[in-house]
Amino acid sequence: MEIKSFREWREVYALKLLEEGKTTISKAAEIAGMDIWSFIAKIKDSRIIWVKDDIVSKDLEAFK
């Protein structure tokens, strides 16, 4: 993947941090220079997995 601009680099970097669990979705949106809803659309388009199974499992257990 060739990155063509600083803005694109910021988006890719923010997605990488989110996918690795190194930042929150709101902080990643800030890093990308996007509002949260636009960034969520970017996440959807990128098809990254940003919520890990173990976190979901813990939340489900707590809910029970």
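Ile 3 has a relative accessibility of 34%, so it counts as partly exposed (buried is under 20% relative accessible area, exposed over 50%, partly exposed in between, with a 1.4 Å probe and protein chains only). This is a predicted model, where local features need pLDDT of at least 70, side-chain atom pairs count only at pLDDT 80 or more, and totals for chains, interfaces and linings use all residues. Residues are numbered from 1 along each chain as its sequence is written, and side-chain values use heavy atoms, leaving out hydrogens and water.

You'll find Ile 3 in the segment before helix 1 (6–19); helices here are DSSP runs of H or I, at least four residues, numbered from the N terminus. Together with Phe 6, Trp 9 and Tyr 13, Ile 3 makes a nonpolar patch on the surface, about 410 Å² of accessible area in total.

## Ile 48 in its loop

Ile 48 sits in the loop between helix 3 and helix 4 (53–63). Its relative accessibility is 18%, so Ile 48 counts as buried. Setting aside neighbours within four places in sequence, Ile 48 is in contact (heavy atoms within 4.5 Å) with Leu 15, Leu 18, Glu 19 and Ile 43. Its C-alpha atom is 8.6 Å from that of Lys 16, 32 residues away along the chain.

Note on methods. Patch = residues over 30% accessible without salt bridge, like charges linked within 9 Å, V, L, I, M, F, W, Y side chains within 5 Å. Areas by Shrake-Rupley, 256 points an atom, 1.4 Å probe, with all protein chains shown as cover. Salt bridge = Lys/Arg side-chain N within 4 Å of Asp/Glu carboxyl O. Helix = DSSP H or I, 4+ residues; strand = E, 2+ residues; numbered from the N terminus.
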